[in-house]
Amino acid sequence: MFSSIDYEYMAQALRLAEKGLYTTTPNPRVGCVIVRDGKVVGSGWHARAGEPHAEINALMQAGDLAQGATVYVTLEPCSHHGRTPPCAGALIQAGVGRVVVAMVDPNPQVEGEGITQLQQAGIQTDIGLLEKEAHDLNIGFVSRMTSGRPWLRLKIAASLDGKTALNNGVSQWITGADARRDAHRLRARSCAVLTGIGTVLADDPMLNVREVETPRQPLRVVVDSTLKMPPSAKMLLEEEILVVTASGDHGKAENLRKAGAEVLVLPPLDGRVDLARMLDELGKRGINEITVEAGRGLNGALVRLGLVDEFVIYFAPLLLGDRARGMFDLPELVEMGERRELRIADVGMVGRDVRIRALPVE
């Protein structure tokens with residue numbers, strides 16, 4: 001159904017979509033290429049919410065040359081009025097001859113309606129070219145549209161024997177500079193970085209993006225069941241800090257608010273923050289992707305609840321010994337049938353370290 005030329009132009013559209021990797025939140029990353037008579041006459045990508053979508057940018061560049069042309073777009077053109085007019089209508093009005101779509105939009109407000117409008121207007125519409133690549137690029141948007149929750153990526157830096165810190169809590173630095181820079185790319189593409197109060201008290205981290213250029217910083221989210229976070233924490237020197245708690249201590253909450261944090265109080269679950277409820281709340285705020293950078297306590301809790309969608313683990317070529325701290329606080333297993341299985345999705349070298357990306361086996 002698709003030719004080698006189709007693959008070439010859709011790959012070009014995907015590269016354009018990647019330009020919005022750090023900026024499009026809460027919208028999806030979308031690229032568009034318009035081709036007529038074997039030449040690209042228009043191209044564009046979606047940069048920020050509220051700004052023109054990829055198709056509109058490409059149509060503006062193509063002008064009258066869009067008539068009868070083939071459009072390659074990485075996500076189904078929208079069919080509803082949001083902050084901007086619908087793209088499906090703009091393509092119809094421009095008189096394009098064919099639209100090739102990588103994937104259907106999972107947004108219930110669209111989800112096939114844009115394609116239907118194009119087909120009803122007599123425009124040939126082909127769907128599914130490089131669908132996996134388009135899906136992976138928008139994995140967080142897909143998760144939020146289909147489950148109501150962000151895609152949760154758990155990032156860990158560990159020794160080859162699976163340790164993340166010495167027994168005294170010292171953890172800087174296990175991995176090399178290249179791995180740390182790569183981890184900052186994960187932060188930059190994420191809408192939020194999540195950590196626990198234990199990490200804040202032990203390391204006083206900023207958890208901002210420093211190693212790569214980005215036009216925006218992710219929201220920093222701290223799970224702090226009893227509001228132990230000090231108003232003097234370095235993190236509070238910057239904006240976009242959310243402390244999620246199960247505590248009703250209004251005085252502590254007000255002190256944190258005065259220091260610049262937003263405090264979200266959730267009904268306690270066994271005296272702690274209800275992590276599943278927290279993810280639901282973050283999804284309502286338009287958070288697509290979360291990267292977790294925490295200690296074994298929060299890591300283990302998220303794993304036990306089945307809330308982790310992806311593991312990214314950087315293994316450094318060193319050993320820290322049995323008494324060093326592990327990656328997850330998980331209960332002891334007595335049978336192999338109780339194990340949690342993962343599927344290795346990718347393995348590669350990042351400088352001197354090995355990066356493994358793994359997904360839970362459902």
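View 1. Of the 9 residues in strand β6 (residues 151-159), 8 are buried, so the strand is largely enclosed by the rest of the structure. Buried here means under 20% relative accessible area, exposed means over 50%, and partly exposed is in between (1.4 Å probe, protein chains only). Helices (H or I, at least four residues) and strands (E, at least two) are DSSP runs, numbered from the N terminus. Keep in mind that this is a predicted model: local features need pLDDT of at least 70, side-chain atom pairs count only at pLDDT 80 or more, and totals for chains, interfaces and linings use all residues. Residues are numbered from 1 along each chain as its sequence is written, and side-chain values use heavy atoms, with hydrogens and water left out.

View 2. Two strands count as paired if DSSP finds at least two bridges between them. β6 runs parallel to strand β12 (residues 289-292), joined by 4 bridges, and Trp151 stands opposite Glu289 of β12. With strand β13 (residues 310-316), β6 pairs in the parallel sense over 7 bridges; here Leu154 has Phe311 as its bridge partner.

**View 3. An open sheet of 5 strands.** The order is β2-β1-β3-β4-β5, with mixed pairing. β2 (39-45) and β5 (124-127) stand at the edges with a single partner strand each, so one side of each has no neighbour in the sheet. On average, neighbouring strands are turned by 15° against each other, direction ignored. Axes are lines fitted to C-alpha atoms, for helices over the stretch in contact, and angles run from 0 to 180 degrees between N-to-C directions. Zoom in on β3 (residues 70-73) and β4 (residues 98-101) and you'll find a parallel pair joined by 4 bridges, with Val71 partnered by Val99 in β4.

**View 4. Two helices pack on that sheet.** Helix α1 (residues 4-17) touches β1 (31-36), β2, β3 and β4, and its direction makes about 145° with that of β1. Helix α2 (residues 54-62) touches β1, β2 and β3, making about 140° with the direction of β2. Contact means heavy atoms within 4.5 Å.

**View 5. Glu55, a buried residue with an annotation.** Glu55 is found in helix α2 and, at 3% relative accessibility, counts as buried. Leaving aside residues up to four places away in sequence, Glu55 touches Cys32, Val73, Leu75, Pro77, Cys78, Cys87 and Leu91. The UniProt annotation "active site", from an unreviewed entry, covers Glu55; such annotations may be inferred rather than shown by experiment, and UniProt positions are given in the numbering used here, with feature names shortened.

View 6. Arg257 lies in helix α9 (residues 250-258) and is partly exposed, with a relative accessible area of 38%. A polar atom of the Arg257 side chain lies 3.4 Å from the backbone oxygen of Val263. Glu281 has its place in helix α10 (residues 275-284) and counts as buried at 17% relative accessibility. Not counting residues up to four places away in sequence, Glu281 touches Leu264 and Leu266.

View 7. The chain is divided into domain 1 (4-141) and domain 2 (148-360), with bounds that come from an automatic or database domain assignment. Their centres, taken over C-alpha atoms, are separated by 34 Å. At the meeting point, 13 residues of domain 1 are in contact with 12 residues of domain 2.

Technical notes
Polar contact = N/O pair within 3.5 Å; in protein donor to acceptor, adjacent residues only side chain to side chain.
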